[in-house]
Amino acid sequence: MRRALVLVLVAAAVVVVPAYGSEEHPTLADLGNEVICPTCHTTIDQSSSPIALRMKAFIRERIGAGDTKSEIKDKLVAQFGEGVLAAPPKSGFNLLAWLLPLVGAGVGAAVLAVLARRWRHGKPESPEPGPSSNGRAAITPDLDRRVDEELARFDA
Amino acid sequence: MARRGKLILQMAAVSVVALLIALFAWQLATKEQARGLTAALKRGETPPAPAFTLDRLAGDGEVSLASLRGKAVVLNFWASWCEPCKEESPRLESAWQRYRDQGVIFVGIDVNDFRGDARKFVERYGLTYPILHDGQGSTIGRYGVTGFPETWFVGRNGNLVGARIQGPVKDSELNEYIRRALAES
């Protein structure tokens, strides 16, 4: 149990510490795939268009000035609008873009769970006869046997 | 109750799909409208110029195209990082000086650009006509602008006239299409 807890803590540190470092002391590579080139609509790390080169230079300047990742992104948004971010910010109306896939996945999982449960429990080993499609009482095995006997006699 | 829940889920799913289709249709319509403008001009028609309201680059308020009704408008889309724009700017400034007292206004729309870079550009080339900033590029979709510089002409009545000039505009084109824009009333 203790070993598992240590493993979880180490895993959390591996994820959180670099993220924190990237926020406080970002590199161009950290931002290159999070910022969109407005003329070519790809991330700036994949573009060598004039504006993408200028944006990279701007990011380098701001990193040199000691800006955090969020501050640099805010400055880019002030110039080019929110469309400059590869992922929408997690606030206001844009929060929907983050929440809807999660809600969709949750609803999908719930539907699958319900269906799986129905399939597992809804099919008895030897099904009891249910109501017939015409709304009358369903045919019982005894009645079924008698019908077969009558038909056999009729054929003979 | 379960049936009601199912119905709500179905309605929600249909609404989402309808919304996505509407969004797709709107995008197509915008692209088609921009393509239609060029085709209409080629046929000699004068379609209404797509409306916009943008901040002045200098930061002193905003300008809408509608507020310029009654004047012939030369709309020039540019950016400070655009090399051909550097060659074109002195020509535009010179034409602006010739036409400014004749009911003509030149409007530069600085697109997808840093404001600071654009201000340096304006200072360097001594541009005195109004410059608007469109950092997000909201106008280029409406006009179907595919590169910079690009110039359009709007008549006194708010309709596009002449031709869409892709690349640096020539003096002869400025003279001809400004004359046509002044004639539209």
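In the predicted model, Val154 of chain B has Leu160(B), a residue of β7(B), as its bridge partner. Strand β6 (residues 150-154) of chain B pairs with β7(B) in the antiparallel sense over four bridges; strands are DSSP runs (E, at least two residues) and helices are DSSP runs (H or I, at least four residues), both numbered from the N terminus. Pairing of two strands requires at least two bridges between them according to DSSP. Residue numbers start from 1 along each chain as its sequence is written, and chains are lettered from A in the order in which they are written. Because the model is predicted, local features need pLDDT of at least 70 and side-chain atom pairs count only at pLDDT 80 or more, whereas totals for chains, interfaces and linings use all residues.

Both strands belong to an open sheet of seven strands in chain B, with mixed pairing and the order β2-β1-β5-β4-β3-β6-β7. The edges are formed by β2 (62-64) and β7 (160-166) of chain B, each of which pairs on one side only. From one strand to the next, the twist averages 30 degrees; axes are lines fitted to C-alpha atoms, for helices over the stretch in contact, and angles run from 0 to 180 degrees between N-to-C directions. Helix α5 (residues 171-183) of chain B lies across β3 (72-78), β4 (104-111), β6 and β7 of chain B, and runs at about 155 degrees to β7(B).

Chain B contains five helices and seven strands, arranged from the N terminus as α-β-β-β-α-β-α-β-α-β-β-α. Of its 185 residues, 33% are buried, a residue being buried if 20 or more other C-beta atoms, placed from the backbone, lie within 10 Å of its own. Among contacts in chain B (C-beta atoms, placed from the backbone, within 7 Å) between residues at least 6 apart in sequence, 71% join residues at least 24 apart.

Between the chains, 10 residues of chain A are in contact with seven residues of chain B. On the side of chain A that touches chain B, α3 (50-64) and α4 (69-80) of chain A each supply at least two residues, and the largest share, four residues, comes from α3(A).

Key. Buried ≥ 20, exposed ≤ 12 C-beta atoms within 10 Å, placed from the backbone. Contact = placed C-beta atoms within 7 Å.
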